[in-house]
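Here is a briefing on one protein chain. Please look over the sequence and the structure before reading on.

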Amino acid sequence: MREVLLKCFKCHKEYPSSDMRYVSTNILCCKNCLDRGASISPSPKESLKSSEPKVNKTEYQCRKCKYTFKSNTVSNTCPYCGKRDTLVVLKSVPASNLIAESSNKAYDW
Ligand SMILES: [Zn+2]
Ligand SMILES: [Zn+2]
């Protein structure tokens with residue numbers, strides 16, 4: 001019974017399957033190469049970077065004119081009355097919750 005020879009992706013030599021290791025799906029590397037510390041991953045995966053990072057908007061209120069607004073940038077100037085250092089942070093609003101407020105049927109004047 002003849003042993004099947006498999007080809008190493010690194011040194012391109014053929015070895016019996018018992019000397020081969022899967023380093024990735026469908027990629028075989030011989031023990032010799034592994035022992036020598038061959039770089040195992042032929043194509044390092046790039047980490048998938050999300051192009052839009054989750055931005056938590058912060059809700060501010062102006063103590064002067066009671067104007068409230070949401071912003072994802074740190075601000076200390078009221079966009080309504082223009083006063084500086086009158087803003088207090090009400091809460092941080094996750095970006096996914098911003099639309100949820102409109103589904104309120106309680107108002108029936
Ligand atoms: Zn090899
Ligand atoms: Zn204001």
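His12 is exposed, because its C-beta has 8 others within 10 Å, and 12 or fewer counts as exposed. This is a predicted model. His12 sits in the loop between strand 1 (5-7) and strand 2. Its phi is positive, near 60°, although His12 is a residue other than glycine. Most residues other than glycine have a negative phi.

**Confidence**
- The protein chain has an average pLDDT of 78.
- A score of at least 70 is reached by 67% of the residues.
- Strand 2 (residues 14-16) has the highest confidence, at 94.
- Strand 7 (residues 87-93) has the lowest, with a mean of 81.
- Where pLDDT is low, the predicted coordinates should not be read in detail.

**Overall layout**
- The protein chain contains one helix and seven strands.
- Along the sequence, the order is β-β-β-β-α-β-β-β.
- The protein chain has 109 residues, and 8% of them count as buried.
- Take the contacts with a separation of 6 or more: 25% of these link residues 24 or more positions apart.

**Core and Tyr15**
- The largest nonpolar core has six residues.
- Its members are Cys8, Tyr15, Met20, Cys29, Cys30 and Cys33.
- In soluble globular proteins, nonpolar side chains tend to be buried together.
- Which residues does Tyr15 contact, leaving aside neighbours within four places in sequence? They are Leu5, Leu6, Cys8, Met20 and Cys30.
- Of those partners, Cys8, Met20 and Cys30 are also listed in the core.

- Strand 3 (residues 20-24) and strand 4 (residues 27-30) run antiparallel.
- Four bridges join strand 3 to strand 4.
- Ser24 faces Ile27 in strand 4.
- Two residues separate the strands of this hairpin.
- Asn26 lies in the turn and has a positive phi of about 65°.

**Hairpin of strands 5 and 6**
- Strand 5 and strand 6 are also antiparallel, and four bridges join them.
- Glu59 stands opposite Lys70, a residue of strand 6.
- This hairpin has five residues between its strands.
- Lys66, in the hairpin, takes a positive phi near 65°.

**Thr58**
- Thr58 belongs to strand 5 (residues 57-62).
- How many C-beta neighbours does Thr58 have inside 10 Å? There are 18, so Thr58 counts as partly exposed. Being buried would take 20 or more.
- Thr58 and Lys70 are 12 residues apart along the chain, yet their C-alpha atoms are separated by 5.5 Å.
- Beyond its neighbours within four places in sequence, Thr58 is in contact with Lys70, Ser71, Asn72, Val89 and Ser92.
- Two of these partners, Val89 and Ser92, fall within the residue range of strand 7 (residues 87-93).

**Asp85**
- Asp85 is in the loop between strand 6 (68-71) and strand 7.
- Is Asp85 buried or exposed? Asp85 counts as exposed, because it has 9 C-beta neighbours inside 10 Å.
- Asp85 has a positive phi of about 60° and is not a glycine.

How values were computed:
Residues are numbered from 1 along each chain as its sequence is written. Chains are lettered from A and ligands numbered from 1 in the order in which they are written. This is a predicted model: local features need pLDDT of at least 70, side-chain atom pairs count only at pLDDT 80 or more; totals for chains, interfaces and linings use all residues. pLDDT is the predictor's confidence in each residue, from 0 to 100. Two residues are in contact if their C-beta atoms, placed from the backbone, lie within 7 Å. A nonpolar core is a set of buried Ala, Val, Leu, Ile, Met, Phe, Trp, Tyr and Cys residues joined through C-beta atoms within 7 Å. Two strands pair if DSSP finds at least two bridges between them.
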